[in-house]
Amino acid sequence: MTPTRTTTSAPPAWTGNEYGSCNPFNCDNTRIIVIAIDHFRLLDGGGAFLRDLPIGASERPKWSKTLPDVICFIRGNTLNQIDSETLAVNTLHTFTEYSTIDPSGESDISDDGDHLVLCGNSTDAFVFTLSTGTKGPVFKIAAGWDALKISPDNH
């Protein structure tokens, strides 16, 4: 398959990867998510448009590391997942102790596919385990942080 460049189209059809540190490809490299001004789009592995996704530009989508159709994303204080084929949305966890959570655009789901670093109300950083729905210990961070990343051993 000949690669297709998808990141240099001119406005108003601008598209691109949210951050270079987030993998835009799903786990079997058959689909790509790209930001398209105010929302995300789904492309096939060669870069052809498949559909617009009901995921806003600020909702930080991350591909599942094990399920090729599943994308996790944030809406307010809720961690959700969407099936990229059916567009069915499922709530994974609502963090009632926070008004907002943010995985930082630069973070991704861990290599083991089971952990995600999040920040509640811009001050509480923690690791969330997807398989168990549990929040790890909270690390208080100062205002003005730039990015969160998860280490290979989920710290």
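In what order do the 4 strands of the open sheet come? Hi everyone, let's start there. The order is β4-β5-β6-β7, with antiparallel pairing. Strands here are DSSP runs of E with at least two residues, numbered from the N terminus, and two of them pair if DSSP finds at least two bridges between them.

A quick word on the model. It is predicted, so to speak of local features we need pLDDT of at least 70, and side-chain atom pairs count only at pLDDT 80 or more, while totals for chains, interfaces and linings use all residues. Residues are numbered from 1 along each chain as its sequence is written, and side-chain values use heavy atoms, leaving out hydrogens and water.

Back to the sheet: its edge strands, β4 (62-63) and β7 (89-94), each pair on one side only. β4 meets β5 (residues 70-75) in the antiparallel sense over 2 bridges, and K62 has C72 as its bridge partner in β5.

Now the rings. The whole structure holds 3 aromatic pairs, meaning Phe, Tyr or Trp rings (six-membered ring for Trp) with centres within 6.5 Å; planes under 30 degrees apart are stacked, over 60 edge-to-face, the rest tilted. F95 and F126 are tilted, 5.5 Å centre to centre and 45 degrees between the planes. F95 lies in the loop between β7 and β8 (101-102) and F126 in strand β10 (residues 124-129), so this pair ties together parts 31 residues apart in sequence. Both F95 and F126 are buried, that is, under 20% relative accessible area with a 1.4 Å probe, protein chains only.

F95 also pairs edge-to-face with F128, at 5.3 Å and 70 degrees. Together, F95, Y98, F126 and F128 make one aromatic cluster. Thanks, all!

Technical notes: Buried < 20%, exposed > 50% of the residue type's maximum accessible area, 1.4 Å probe, protein only.
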